[in-house]
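Subject: Structure handover

Hello,

Here is the structure I said I would pass on. My notes on it follow below.

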Amino acid sequence: MELCLAMLTPGIMAGVAVWGLARGVDLWDALLQGAKEGLQVLLRIAPALVALLTAVYMLRASGALELAGQLLSPLLERVGVPVETVPLLLVRPVSGAAALGVGAELLSTFGPDSPVGRTAAVMLGSTETTFYTVAVYFGACQITSSRYAIPAALCADAAGFLAAAWATRLFFGG
């Protein structure tokens, strides 16, 4: 079974190459064209990514995330979201790497089998880095107005956070 899984990716690549050769495709030219298009996409999305990462670091350094966490704590307690997960709620839509760092900190502080640890793990798996995703996909498609995409995605993130907290309580108690 392990050998089959290990050979899956090389097998798919070989199958695509054989199929392309059978259809008369110049594989080297196709590879170069794909690489060229990938670099063009990178150049289009790089400014948005740099701006996004700069904003994340500025928010963390300014203390704005901690202040927002203090303001949201009473509301989250009422809907059943552990208050300790507030930093994760605020960082996850902006930065996946920062969210993983916050999640790891929560797991090391409270333990992976604690209600906070379990909730944080489910939240990480059931939400998206909204601003990063919008920056990448909209940048790649050269869309300049996100219109309702960001509010809708943030609502989906909020639903994911609530569902994660409720599901954790439902399946694990606490």
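A nonpolar core, as used here, is a set of buried Ala, Val, Leu, Ile, Met, Phe, Trp, Tyr and Cys residues joined through side-chain atoms within 4.5 Å. Buried means under 20% relative accessible area, exposed over 50%, and partly exposed in between (1.4 Å probe, protein chains only). This is a predicted model, in which local features need pLDDT of at least 70 and side-chain atom pairs count only at pLDDT 80 or more, while totals for chains, interfaces and linings use all residues. Residues are numbered from 1 along each chain as its sequence is written, and side-chain values use heavy atoms, with hydrogens and water left out.

The core

The largest nonpolar core has 19 residues, and V81, L88, L89, L106 and M123 have the most contacts inside it. Two or more residues each come from α4 (64–79), α5 (86–91), α6 (96–110), α7 (115–126) and α9 (149–172). The largest share, 5 residues, is given by α5. Helices here are DSSP runs (H or I, at least four residues), and strands likewise (E, at least two), numbered from the N terminus.

Contact means heavy atoms within 4.5 Å. Not counting residues up to four places away in sequence, L89 touches L76, V81, M123 and F161. V102, in helix α6, is buried at 13% relative accessible area. Leaving aside neighbours within four places in sequence, V102 is in contact with P87 and L88.

Helix α9

With 24 residues, α9 reaches 34 Å from its first C-alpha to its last, close to the 34 Å expected; the expected span is 1.5 Å times one less than the number of residues. Its buried residues are I150, D157, G160, F161, A164, A165 and T168. The cover over them includes α5, α7 and α8 (130–140). Just after α9, G173 takes a positive phi of about 75 degrees.

The surface

L8, I12 and V16 make a nonpolar surface patch of about 290 Å². Patches are made of residues with over 30% relative accessible area and no salt bridge, with like charges joined within 9 Å and nonpolar side chains (Val, Leu, Ile, Met, Phe, Trp, Tyr) within 5 Å. Areas come from the Shrake-Rupley method with a 1.4 Å probe; for residues, only the protein chains shown count as cover. L8 is in helix α2 (residues 8–22) and is partly exposed at 48%.

A salt bridge is a side-chain nitrogen of Lys or Arg within 4 Å of a carboxyl oxygen of Asp or Glu. The count is 1 salt bridge. D113 and R118 meet in a salt bridge at 3.7 Å, N to O; D113 is exposed at 60%, and R118 is partly exposed at 24%.

Regards
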